[in-house]
Amino acid sequence: MKKIFVCVLAVLALISCNTKEDNNLMKVEGSIEGLKKGKIYFQRVEEGKIINIDSIQANGNGTFSFQTSIESPEIFYIYLDKNDGNNLNDRLLFFGEPGSNITINSTRDFFEPNAKVEGSETNKKLVEYKKMVSKFSDKNLELIEKHIRAIQDKNFVLADSLKNASDRNALRRYLYSLNFAINNKESYIAPYIALSEVFDAQLKYLDTINNSLTPEVANSKYGQELAKYIEELKKEQNEKE
């Protein structure tokens, strides 16, 4: 009887482990139109470096399928090695989530800008954020071009005015990033933006983002990294005083 009881416990433990693993398993699949040759890499960031998790050779078609187990939402990449000497638009950044089935469809020549990512709620927030940020970037490029032309024309008054306009545009982008993180405290995007976009903000603003996070987000990969980063900043600040 005792042996049977032990066996039952072992089976239940195995089922529990398998269920947990399945809940954490993320599947990523898709198609890249026009990709006949090359290699498709599935990547993530570890210790500040992009590493390869898996890869597949594109022999005649651009379909791919990858999977990995993760504990909380985090950034992943799909990278195309097309052997054409041009790396422009070849790496797509997206937010992966545990237990999700993510689909990515795009084209060979405009892989990153044409990519459609489905299956990740956090990635939807990332896309929303990037759309607005791209408007600030486009505006800044426009101002820089005008600034250069003004200098070439020796119109230094206009050049100074355009430089100030560029600085104000950069500040608006920065404030937008801060507000986006604070206003999306229930999303895993919040600590990610704090760490990647406004890491050099005043400590009080980073603290505001960190303290506003929901418990689930605070316990995530980036939530824990943000808390650790703030602790290090506070320690450095205390040592200087």
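Predicted model: local features only at pLDDT ≥ 70, side-chain atom pairs only at ≥ 80, totals over all residues.
Strands of a sheet pair through backbone hydrogen bonds, either parallel or antiparallel.

Strand 5 covers residues 74–81, and seven of its eight residues are buried, so strand 5 is largely enclosed by the rest of the structure. Strand 2 pairs with strand 5 in the antiparallel sense over six bridges. Strand 5 is also joined by six bridges to strand 6, residues 91–96, and these two run antiparallel. Individual residues show how the strands are set against each other. F42 stands opposite I78 of strand 5, and I78 has L92 as its bridge partner in strand 6. Y77 stands opposite L93 in strand 6.

The loop between strand 2 (39–46) and strand 3 (49–57) holds E47. Most residues other than glycine have a negative phi. The phi of E47, however, is positive, near 55°. E47 counts as exposed because its relative accessibility is 83%, and the cut-off for exposed is over 50%.

A second open sheet of four strands has the order 4-1-7-8, with mixed pairing. Its edge strands are strand 4 (63–69) and strand 8 (116–118), each of which pairs on one side only. Strand 1, residues 25–33, runs parallel to strand 7, and seven bridges join the two. V28 has I102 of strand 7 as its bridge partner.

With a relative accessible area of 48%, F110 is partly exposed. Leaving aside neighbours within four places in sequence, F110 is in contact with N89 and A115. F110 and V217 are 107 residues apart in sequence, and their C-alpha atoms are 33 Å apart in space.

The next part of the description concerns the helices. K154 is found in the loop between helix 3 (121–152) and helix 4 (156–183). The phi of K154 is near 60°, a positive value in a residue other than glycine. K154 counts as exposed because its relative accessibility is 66%.

Helix 4 also contains S177. Is S177 buried or exposed? S177 is buried, because its relative accessible area is 2%, and the cut-off for buried is under 20%. Not counting residues up to four places away in sequence, S177 touches Y129, I193, E197 and V198.

One of these contacts, I193, is among the buried residues of helix 5. Helix 5 covers residues 189–196 and is mostly covered, with six of its eight residues buried. The buried residues are I189, A190, P191, Y192, I193 and A194.

Helix 4 also meets helix 6, residues 203–212: their axes come within 9 Å and cross at roughly 20°. That angle makes helix 4 roughly parallel to helix 6, since angles under 35 degrees count as roughly parallel. The crossing of the two helices is left-handed. On the side of helix 4, the contact is made by L178, A181 and I182, and on the side of helix 6 by Y205, T208, I209 and S212. By class, this contact has five nonpolar residues, two polar residues and no charged residues. An α-helix has 3.6 residues a turn, so residues three or four places apart point the same way.

Methods: Residues numbered from 1 in each chain as written. Heavy atoms only, no water. Buried < 20%, exposed > 50% of the residue type's maximum accessible area, 1.4 Å probe, protein only. Axes fitted to C-alpha atoms, helices over the stretch in contact; angles between N-to-C directions. Parallel < 35°, antiparallel > 145°, perpendicular 65-115°, else oblique. Left-handed = near helix turned anticlockwise from the far one by under 90°. Contact = heavy atoms within 4.5 Å. Nonpolar A, V, L, I, M, F, W, Y, C, P; charged D, E, K, R; others polar. Pairing = 2+ DSSP bridges.
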